[in-house]
Amino acid sequence: ESAPGNAPGSAATPASTASNPSGDLNAATSELSLVSLSAGAIVVKKPQELDDKWSSIWLLDETPAFGWSTKQGVISNQVIVIALPELTRLNKVIFDTGSVDGVDGRGAKDVLVEMSDTSETDGFQKIAEVSLQDKANNQTFPVSAEIPGRWVRLTVKSNHGSPDYLELFDFRATGTQLTQTPLSNVSGTYSTNYNDFHVRQEGTSVTGCYEYDEGVFEGGSSGRVMTFTWHEHEGSEKGPAIMVLTPDGKQMTGVWSFEGRPDDRGLWYGTKKSDVIGSCPNWAGGIQSQITKDLEASGRARIYGINFDSDSDRIKDESKPTLEKIVSM
C-alpha cells in the first residue's frame, strides 16, 4: 500500500455515523483539554514517526485533521509520554481517528493510558484501557481511576489490521489541575530549526526575533506557554504560533501556521543555548519599542499578555508590567 497520503491539511472527512461509547462523535467537547499544547503539555518521549508532518506533536493540537503516523510496517506497541504543566487529575480521555487515510485498518485500536507523579519513565499506573473505532472522532471514555500525576503515558498496542501504518489524530483529556506554578521567565536565546530565536519577556508579554527571513514576533506568555504572531520580510508573511517549554526550561516545541491558511503549518522546536537575549537588526528590542514602532508604521498595535483570572474581570498581577508600559507611553 502507499504511504499515508493525507498530509496535514488534506485529511479525509471525519466519519459521521459510527457509534461512541459516551455520546455524539461529531460534537466537539467544550471542556479544556489538559493534555494539549495550549494547556502547556508537551511530548517528552516520542514513538516512531513517519516525518514531521506526521509527528506525535500533532496529537496535542486539538485539531482532528492533523495526526501522527508510524513508519511503514510499524503497527504495534508505540509509547508516547506527555509531560503536563501541573499536577493533574484526569476524569475523561478522548481520541480522534476520523481523519485516518482512506485505506481501512490504519487507525489506532487498543490503547493503554497511564499516569505518573514520579518521572517520565517510572511510577505509571493505569487510568484507562480503551478500544477505539477505526474512523471516528470524539471517542470519549471515563477513566477507571483518578490518579494525580504530571506525566501521561499512552501505549498504542495495535491498529485495525493494516500491515502498513498506525495512525492517531488527536488525544485530549479533561479533569482538574491541582497546582498552579508561578509564571516562568523564558527570556534568552534558543537554537531552533528556524535558526537562533531571541526572546525578551516583560511580565506576560514576549517580543523577539529569529534569524530566518528577518523574522520578528510579539505575543504573550502564561506559565510555560508562549502564543505569538510571527512576521517575515516586513510583514509579507505572518501567522500565529504556540510554543511550550519543558519543565526545566531548556527545550521548546511548538507549531506555526500562516495567517488565513491554518492548514499550511509546521513544527518549531529548539534548545536554549544562553540566557543572553541577543538581537537582530530588524527587531525593535522590547514590548514598548515594538508598540511604538507599530503605532508609527500603521497607527495601531496588537497587545498580548493581558491575562485575567478564570471567570473573572480581575487582571492578573503578572500582567501589570505590560500595562505599565502602555501607561508610560
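## Strand pairing and the barrel

Strand S16 (residues 251-258) pairs with strand S17 (residues 261-274) in the antiparallel sense over eight bridges, where strands are DSSP runs (E, at least two residues) numbered from the N terminus and two strands pair if DSSP finds at least two bridges between them. Within this pairing, Thr 253 has Tyr 269 in S17 as its bridge partner.

Eight strands, in the order S10-S11-S12-S13-S14-S15-S16-S17, close into a barrel with antiparallel pairing. Neighbouring strands of this sheet are turned by 30° against each other on average, direction ignored, the axes being lines fitted to C-alpha atoms.

## Basis of the model

This is a predicted model, in which local features need pLDDT of at least 70 and side-chain atom pairs count only at pLDDT 80 or more, while totals for chains, interfaces and linings use all residues. Residues are numbered from 1 along each chain as its sequence is written, and side-chain values use heavy atoms, with hydrogens and water left out.

Val 152 lies in strand S7 (residues 149-156) and counts as buried because its relative accessibility is 0%, buried meaning under 20% relative accessible area with a 1.4 Å probe, protein chains only. Leaving aside neighbours within four places in sequence, the residues in contact with Val 152 include Val 35, Ile 80, Leu 90, Met 115, Phe 124 and Phe 171, contact meaning heavy atoms within 4.5 Å. Ala 41 is 111 residues from Val 152 in sequence, with a C-alpha to C-alpha distance of 9.7 Å.

## The chain as a whole

Of the 329 residues of the protein chain, 50% count as buried. Among contacts with a separation of 6 or more, 65% join residues 24 or more positions apart.

Methods: Helices (H or I, at least four residues) and strands (E, at least two) are DSSP runs, numbered from the N terminus. Axes are lines fitted to C-alpha atoms, for helices over the stretch in contact, and angles run from 0 to 180 degrees between N-to-C directions.
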